[in-house]
Every structure is written in structure tokens, then in C-alpha cells.
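Please examine the sequence and the structure shown below. The paragraphs that follow lead through selected strands, a helix, a loop residue and a surface patch.

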Amino acid sequence: MISIDPQQQSDRENYKLLIGSIVPRPIALVTTLSNEGVLNAAPFSYFNIVASQPPLVSVSVQRKMGERKDTARNAVDTGSFVIHITDESIVEKANKTAAALPPGESEVERAGLTPVASVAIPVPGLQEARIRMECVLEQAIELGGTEGSPACDLLIGRVVHFHIDEELYDDRGHIDPEKLSPVARMAGNFYSRLGSLFELERPE
């Protein structure tokens, strides 16, 4: 085994170990609304479930030179955002939203995505996504970096409304993963598909 002390490496070297080891990672395509009314969209693979009672999810938004990105700033300013599950049908458009655009320009328009009104929050969702979750901001936690210059904003969102394509949803409340065809993030420019499934019963 290679033994590595992260304190003896650069941030970039530690980043490469993390994104190469913690795979595959689900991708949240997040929409937020600026105070000026611009609909922002961006993909994040630092994304997961936090709790189910109430339903909580997390998205970690890395900062650039200590400054909040549009997604984190908008979520904090407005207190809400929408998470969309990235699948094979929208992954190319989701990737286009990663472009570094100025705050006044919408990634949604550039990627050819269609805004759709939400039910419980003011932030629109994206019509093309087969699963979307309307979230209110439960907490925004500054983490990492140095004192006075955090490295990221950890957004904890409480899901207040689910939208699920009826084709994916069965009468027992389950989502069919094969029909969803989710896409996950690997390292570099690589992504992965669902692949084969296998089942293991949990021990009692």
C-alpha cells in the first residue's frame, strides 16, 4: 500500500485522490434564482442524501478564490433551489451548464433547457429532468480553506416537493433505476452509466 499524508501534498494532489477514489458520484443539476431574476443552473457531484425525516439533501459548492459561486450565493440569498437528477437523457445539456458564465447570463438558455414553474418555491425547475426536488435552504455551512476564506459552501436542502416521471414510479413508491438511467461522475472528463445490479440481503 502507498501511504500518503494529505498535509504533505498540494490541494490539487489531494483533490485527484478524492475524485478518483470516491466514485461513482451522483450528479445534481441545481437551479437557483438570483436577486435580479436570472435563472442559474450548474452541475455538482459533491451531492448526496443527508436524512429522510425530514427529507434532506446536501450539495457542496466549491468556492473560487474564496468567493461564493452563483449557486451558493443565490441559494443563500433566496433560501431555495431545485435539484434535478442527471440521467443519460440530459447529461450533455447538464455538462453545458458547467460553463463559467457571468452572473447576469443564464446557463439554462445556453444549454437549451426549458424552465418550468415550481409548486412550493419561487425557483423554476427544468422540464427535461425526469426527477426534480424543490428544496428550501435548511443550512449553509462554510467549510475548509483558511480563516476568513472558506473553501466551500455546504448547502443542506429540505425537500418540500418531489416531481417524478410517472414512467419511473411504481405502485409501491419505488423508482426504477434502470428506467431512470442515472449518470455518475468519475475523475477527469469521465462519466459512468448504471451498469449491472446485484442484490445482497442485510444481516439481522
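Strand E11 (residues 184-185) is joined to E12 by 2 bridges, and the two run antiparallel; strands (E, at least two residues) and helices (H or I, at least four) are DSSP runs, numbered from the N terminus. Within this pairing, Ala184 has Ser192 in E12 as its bridge partner. The model is a predicted one, in which local features need pLDDT of at least 70 and side-chain atom pairs count only at pLDDT 80 or more, while totals for chains, interfaces and linings use all residues. Residues are numbered from 1 along each chain as its sequence is written, and side-chain values use heavy atoms, with hydrogens and water left out.

E11 and E12 belong to an open sheet of 3 strands in the order E1-E11-E12, with antiparallel pairing. Strand E1 (25-26) and strand E12 (191-192) stand at its edges with a single partner strand each, so one side of each has no neighbour in the sheet. Two strands are said to pair if DSSP finds at least two bridges between them.

Strand E6 (residues 80-85) and strand E9 (residues 131-143) run antiparallel and are joined by 5 bridges; here Ile83 has Met133 in E9 as its bridge partner. E9 also pairs with E10, in the antiparallel sense, over 12 bridges, and Ile141 stands opposite Leu154 in E10.

Strand E10 (residues 152-164) also contains Phe162. Phe162 has a relative accessible area of 44% and is therefore partly exposed, a class that lies between buried (under 20%) and exposed (over 50%), with a 1.4 Å probe and protein chains only. Together with Ile164, Tyr169 and Ile175, Phe162 makes a nonpolar surface patch of about 360 Å². Such patches consist of residues with over 30% relative accessible area and no salt bridge, nonpolar side chains (Val, Leu, Ile, Met, Phe, Trp, Tyr) being joined within 5 Å and like charges within 9 Å. The areas come from the Shrake-Rupley method with a 1.4 Å probe, and a salt bridge is a side-chain nitrogen of Lys or Arg within 4 Å of a carboxyl oxygen of Asp or Glu.

Helix H2 (residues 70-78) has Asp70, Thr71, Ala72, Asn74 and Ala75 as its buried residues. Just after H2, Gly79 takes a positive phi of about 80°.

Finally, Thr97 is found in the loop between helix H3 (91-96) and helix H4 (107-111). Its relative accessibility is 2%, so Thr97 counts as buried.
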